[in-house]
Amino acid sequence: MTTDPGLRRLALRTMLAAFQGHTAPEWATGLLGEGLAGYTLFGFNVAEPVQLARLTAQLRAARRDTLIAIDEEGGDVTRLAHRTGSPYPGNAALGAIGDLDLTRRVYHSIGRELADVGINLNLAPTVDVNTATDNPVIGTRSFGADPVRVAAHAAAAVVGLQQAGVAACAKHFPGHGATIADSHLELPTVDVTPQLLRDRELPPFAAVIAAGTKAIMTAHIRVPAITGDEPATFSEKLLVDVLRREYGFTGTVVTDALEMQGAARAAGGIGPAAVRALAAGADLLCLGADIDLEITEHVASAIAGAIADGTLPVARVEQAVARNQALAAWTHGIEEIELSPRLGYDAARRAVSVEGSLTGFEQPFVVQLRAGHTIAEGAVPWGLSPHLDGTPQLAVAADETSAGALIDAAAGRPIVLVGRHTHRNPAARSLAEQLAAVHPLAVVEMGWPAGWRPSGVKAFVTTYGASHANGRAAAEILGLAS
């Protein structure tokens, strides 16, 4: 079936696509000329600042009001610094410090870096209240487990970003912090009453709306009391009745990536997911990372077809396009404020907490436990290794070594065990317990802080994140930094 050109163009104006590479392929710039709203950039698009600035200039040359988005949360989720780790400590550390002006300044600095390379929409901050200790996808991306604290820091982050002239997109509405499943892989459930949702998950969204956030991102989670079996992304009750009418949001509603299983599987594919999201009240469709011309055209065709057959009202799509155009047209004078290039590292130092005593660990043997990463984080380097002053070290998998082998390798030195979300890994917990029972042990936890502590541990260091800045702070507190 032939797609109506006018409807195709209308559909394209609701979409954020993606492409591989450090330069835009011809088809990508061509789609901008045909009306595509813009692109989300990922680590595979970023080599270094000069290259990135050239890429965004190439996109903007195709159409001046192009939306160029990126996930730059600082901390564990970074695209600008995906090769080294972020120079900023991330939300959990900022929440632990409790200095709202510091949070504003950190996000302002991130915004200035983005503006300098031509990016105008940051898919951040994460404003989820992380109440599930075993949350596999939010964790240290959250400012904390207290709605009041998260709300205050969320608002400060939005103000900081937008003072730099970069639109903020607070996520993930109505709140992904109480889940123990990852919406990249399945459809998580937050089985709470509407009142609990308003009391616990929604205060940060109220705060960012009051702070003037230009965009809010939906979550592919179901809240049965409101959405039934559907994800929030497809719920008119949440996106229109709650977010717009009850909470007064007038900006752009952006979807989380529609290629994620929490959306695509629920709708029967990325095309139907796009149609259902628009029908529910979403405005800007983030397609995801693994996107090419064929998928982009498929989604545009699905939207155009739904408009043509009356499934999707044309007025709803025109409303979405108008909001997207307003977002693209938004500009803000950049506040002139002198920021230290060491801001993120200074903040990370303030976040570190030490339980117990590090006396006796002046010349340790450092063991880093290998840990996986979420799809949101990507394979970004982490740990103490880049910061050590020649201290002997070893990287191991917890289930492929033993306490005895590590004690032998330490050759009489005390052991510093570096982990990430250690409490969630039974093998890592067991290894730490065995070591602490027979050998001087300090643990550095670079994931979400939990109540677990190995019995007999001499010191427990919490960094509240695994960014480059967090790793440097831990090395310094241990007296091991080069």
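Colleague: Which residues lie nearest the centre of the largest cavity?

Modeller: Please keep in mind that this is a predicted model. A cavity is a space that a probe fits but cannot leave. Here, Asp 76, Val 380, Pro 381, Arg 420 and Ala 466 lie nearest the centre of the largest cavity, among the 13 residues that line it. The space within the largest cavity comes to about 60 Å³.

Colleague: How many cavities of 30 Å³ or more does the structure hold, and how do the residues lining the largest one divide by class?

Modeller: There are 4 cavities of 30 Å³ or more in the structure. The lining of the largest cavity consists of 4 nonpolar, 6 polar and 3 charged residues.

Colleague: What is the volume of the largest pocket, and which residues lie nearest its centre?

Modeller: A pocket, in contrast to a cavity, is open. The largest pocket in this model has a volume of about 480 Å³. Of the 32 residues in its lining, Phe 42, Arg 79, His 184, Ile 375 and Ala 376 lie nearest the centre. By class, the lining of the largest pocket holds 15 nonpolar, 10 polar and 7 charged residues.

Colleague: Let us turn to helix packing. At what angle do helices H1 and H13 pack, and how far apart are their axes?

Modeller: Two packed helices are described by the angle between their axes and by the distance between those axes. In this case, helix H1 (residues 5-12) packs with helix H13 (residues 293-308) at an angle of about 115 degrees, and the axes are 8 Å apart. The crossing of H1 and H13 is right-handed.

Colleague: Which residues of H1 and H13 meet?

Modeller: From H1, the residues are Leu 7, Arg 8, Leu 10, Ala 11 and Leu 12; they meet Thr 296, Glu 297, Ala 300, Ile 303, Ala 304, Ile 307 and Ala 308 of H13. This contact of H1 with H13 comprises 9 nonpolar, 1 polar and 2 charged residues.

Colleague: Where is Asn 45 placed, and is Asn 45 buried or exposed?

Modeller: Asn 45 is in the loop between strand S2 (38-41) and helix H3 (49-62). Asn 45 has a relative accessible area of 0% and is therefore buried. Leaving aside residues up to four places away in sequence, Asn 45 touches Phe 19, Gln 20, Gly 21, His 22, Thr 40, Gln 51, Leu 52 and Leu 55.

Colleague: What is the phi of His 421, and what is the phi of Tyr 464?

Modeller: His 421 is not a glycine, yet its phi is positive, at about 55 degrees. His 421 is in the loop between strand S12 (415-419) and helix H17 (426-438). Tyr 464, a residue other than glycine, has a positive phi near 65 degrees. The loop that holds Tyr 464 runs between strand S14 (459-462) and helix H18 (468-477).

Colleague: Why does His 421 count as buried, and why does Tyr 464?

Modeller: Buried means under 20% relative accessible area. His 421 counts as buried because its relative accessibility is 14%. Tyr 464 counts as buried because its relative accessibility is 19%.

How values were computed: Residues are numbered from 1 along each chain as its sequence is written. This is a predicted model: local features need pLDDT of at least 70, side-chain atom pairs count only at pLDDT 80 or more; totals for chains, interfaces and linings use all residues. Side-chain values use heavy atoms; hydrogens and water are left out. Axes are lines fitted to C-alpha atoms, for helices over the stretch in contact, and angles run from 0 to 180 degrees between N-to-C directions. Helices (H or I, at least four residues) and strands (E, at least two) are DSSP runs, numbered from the N terminus. A crossing is left-handed if the near helix is turned anticlockwise from the far one by less than a right angle, and right-handed if clockwise. Contact means heavy atoms within 4.5 Å. Ala, Val, Leu, Ile, Met, Phe, Trp, Tyr, Cys and Pro count as nonpolar, Asp, Glu, Lys and Arg as charged, and the others, Gly among them, as polar. On a 1 Å grid over the protein atoms alone, a cavity is a set of points where a 1.4 Å probe fits but cannot get out, and a pocket is an open set with protein on both sides within 12 Å along at least five of seven lines; lining residues have an atom within 4 Å of a point. Grid points are joined across faces, edges and corners, and a volume is the space filled by probe spheres set on the points. Buried means under 20% relative accessible area, exposed over 50%, partly exposed in between (1.4 Å probe, protein chains only).
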